[in-house]
Amino acid sequence: MDNRNSPEDFADVNEAVGEEWVAETTPYERIRHVIAHTYSPVSADAVADDARTAPKTARKHLNTLAEEGFVETTPGEHGGTLYHRSPESLVVEQAADILEHVSTDELVTRIREMREQLTEYQTEFGVESPEELAVNQTNQALAESGPPQEEIDPETIREWKTLRRNLAFANAALSIGNAEQFVDSDRRPTDDSVPA
């Protein structure tokens with residue numbers, strides 16, 4: 001007995017899942033989902049295909065998302081508009097995820113530790129950034145003068161960049177968390193909530 005599925009079986013499953021997605025979501029939700037995973041500029045037609053909606057509908061919702069700051073637009077090669085997820089929306093999403101899983105006190109501790117690690121990198125290599133380190137290393141190799149410098153492990157540069165990115169996300173999360181606390185503490189009781 002052969003238990004293998006044919007490619008047509010998978011196509012049927014994919015189509016059924018797609019139909020269920022359309023039935024359970026709005027075009028706006030599907031377009032937002034598609035563009036949330038789009039980092040290279042694409043046309044409204046491409047988003048419409050993936051979101052299973054009409055290009056006109058996709059364009060309308062993409063423009064709304066652009067107004068909200070979730071999407072960035074760029075001019076296409078032939079005058080059309082291309083869309084992709086904005087970097088700022090990624091930062092806000094990452095910050096919200098951090099706030100959901102890490103307490104403010106723990107976040108402050110982690111930020112302090114990351115800053116200390118960045119200072120250690122800067123002190124150890126005598127430069128302010130991993131990009132400057134890479135440029136210095138390249139310039140030294142091109143000059144071929146003086147004693148050869150020890151080559152820096154690419155993994156170290158990658159770790160430094162990752163640490164810097166994570167610190168930026170953590171700082172954004174802390175800023176958002178502090179803003180939320182400020183807003184909550186600034187709320188005044190309404191006349192209905194004041195005891196008589």
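Glu 93 is partly exposed, with a relative accessible area of 45%. Its salt-bridge partner is Arg 85, and Arg 85 is buried at 4%. The cut-offs are under 20% relative accessible area for buried, over 50% for exposed and in between for partly exposed (1.4 Å probe, protein chains only).

The model is predicted: local features need pLDDT of at least 70, side-chain atom pairs count only at pLDDT 80 or more, and totals for chains, interfaces and linings use all residues. Residues are numbered from 1 along each chain as its sequence is written, and side-chain values use heavy atoms, with hydrogens and water left out.

## Charged pairs

Side chains of opposite charge can pair when their charged atoms come close. A salt bridge here is a side-chain nitrogen of Lys or Arg within 4 Å of a carboxyl oxygen of Asp or Glu. The whole structure holds six of them.

| Pair | N to O distance | Relative accessible area |
|---|---|---|
| Arg 85 and Glu 93 | 2.9 Å | Arg 85 4%, Glu 93 45% |
| Arg 164 and Glu 131 | 2.6 Å | Arg 164 34%, Glu 131 35% |
| Arg 158 and Glu 155 | 2.8 Å | Arg 158 47%, Glu 155 33% |

Arg 164 and Glu 131 meet in a salt bridge. This pair links distant parts of the chain, 33 residues apart: Arg 164 belongs to helix 8 (residues 154-186), Glu 131 to helix 7 (residues 130-143). Helices (H or I, at least four residues) and strands (E, at least two) are DSSP runs, numbered from the N terminus.

Arg 158 and Glu 155 pair within helix 8, three residues apart, about one turn of the helix. An α-helix has 3.6 residues a turn, so residues three or four places apart point the same way.

## Helix 4

Helix 4 (residues 55-67) has 13 residues. From first C-alpha to last, helix 4 reaches 18 Å, close to the expected 18 Å. That expected span is 1.5 Å times one less than the number of residues.

Ala 58, His 61, Leu 62 and Leu 65 are buried in helix 4. Seen down the axis, the buried residues fall within an arc of 105 degrees, so they line one face. The arc is taken over directions from the helix axis to the C-beta atoms.

What do the buried residues of helix 4 pack against? The partners are helix 2 (27-36), helix 3 (44-51), strand 2 (71-75) and strand 3 (81-85). Contact means heavy atoms within 4.5 Å.

The face turned away from the buried side carries exposed Lys 56, Lys 60 and Glu 67. After helix 4 comes Gly 69, with a positive phi near 90 degrees.
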